[in-house]
Amino acid sequence: MFGAVADSPNRLELRKARTRAALIQAAQQLIAEGQAHAPIAAITEAADVGLGTFYNHFESREQLVEVAVLDALDVQGAFLDDVTSDLEDPAARFAQAFRLTGRFHRLNPQLSRVLLNTGIKLMSAPTGLAHRARRDLQGAADAGRFTIPDLDVALALTAGAALALGQLLHDQPDRDAAVTTDAVTTDLLRAFGLPDSEARHLTSLPLPALPTK
């Protein structure tokens, strides 16, 4: 009698990828719920995978949490890169990215809560939103569009505004997210040296359509 047919290498890799993705998604969900320190058993249960399977993909819960957060940020960051890449003015690129980030707090509340519950330490992440914000701030300063004596301070101001804005929108669900986000963006642009009229102009420009998921 013939034995069971073994999985092909491609099928095994696909199954491993699906399991890893399920663990990351489960971790993101728990972080969004304020359970960043949930035990591994809770993560594997939420992912519907065996407890022993966890260590085939991650060395520790802390490693998974870091991967889950950076994965969420890179998904959003890749979208922002895509929709701002054709903007020649670095100030407009920064403004559009921040305006879209603010709107994401309402459009994707799970990702928003991942951001808020992970906190300001994301500023030092090598990828994600902080990395992209630093790049855009530096580009605008190099082009003479922003006046930025200290890039680290400018990044702290931007990150703090983004996190505080997200918390405000969660705390006040009836608040108009678009109007509030554009007001914060205008204030940031003015803080970086743009005249009020130009700051208001940049925050009134049309935005690309946001993804629905």
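This is a predicted model: local features need pLDDT of at least 70, side-chain atom pairs count only at pLDDT 80 or more; totals for chains, interfaces and linings use all residues.
Start with the cores. The largest nonpolar core has 28 residues. Within that core, the residues with the most contacts are L23, L64 and L80. The largest share comes from α3, with 8 residues.

Take L64 as an example. Leaving aside residues up to four places away in sequence, what does L64 touch? Its partners are L23, I24, A27, I43, F54 and F58. One of these, L23, was also on the list of residues with the most contacts inside the core.

Now the helix pair. Helix α4 covers residues 90-107 and helix α7 covers residues 151-171. Their axes are 9 Å apart, and the packing angle is about 30°. Angles under 35 degrees count as roughly parallel, so α4 and α7 are roughly parallel to each other. The crossing of α4 past α7 is right-handed.

Which residues meet there? On the α4 side we have F94, F98, G102, H105 and R106. On the α7 side they are T158, A161, A162, L165, G166, L169 and H170. Sorted by type, the residues of this contact come to 6 nonpolar, 5 polar and 1 charged.

Key: Residues are numbered from 1 along each chain as its sequence is written. Side-chain values use heavy atoms; hydrogens and water are left out. Axes are lines fitted to C-alpha atoms, for helices over the stretch in contact, and angles run from 0 to 180 degrees between N-to-C directions. Helices (H or I, at least four residues) and strands (E, at least two) are DSSP runs, numbered from the N terminus. Angles under 35 degrees count as roughly parallel, over 145 as roughly antiparallel, 65 to 115 as roughly perpendicular and the rest as oblique. A crossing is left-handed if the near helix is turned anticlockwise from the far one by less than a right angle, and right-handed if clockwise. Contact means heavy atoms within 4.5 Å. Ala, Val, Leu, Ile, Met, Phe, Trp, Tyr, Cys and Pro count as nonpolar, Asp, Glu, Lys and Arg as charged, and the others, Gly among them, as polar. A nonpolar core is a set of buried Ala, Val, Leu, Ile, Met, Phe, Trp, Tyr and Cys residues joined through side-chain atoms within 4.5 Å. Buried means under 20% relative accessible area, exposed over 50%, partly exposed in between (1.4 Å probe, protein chains only).
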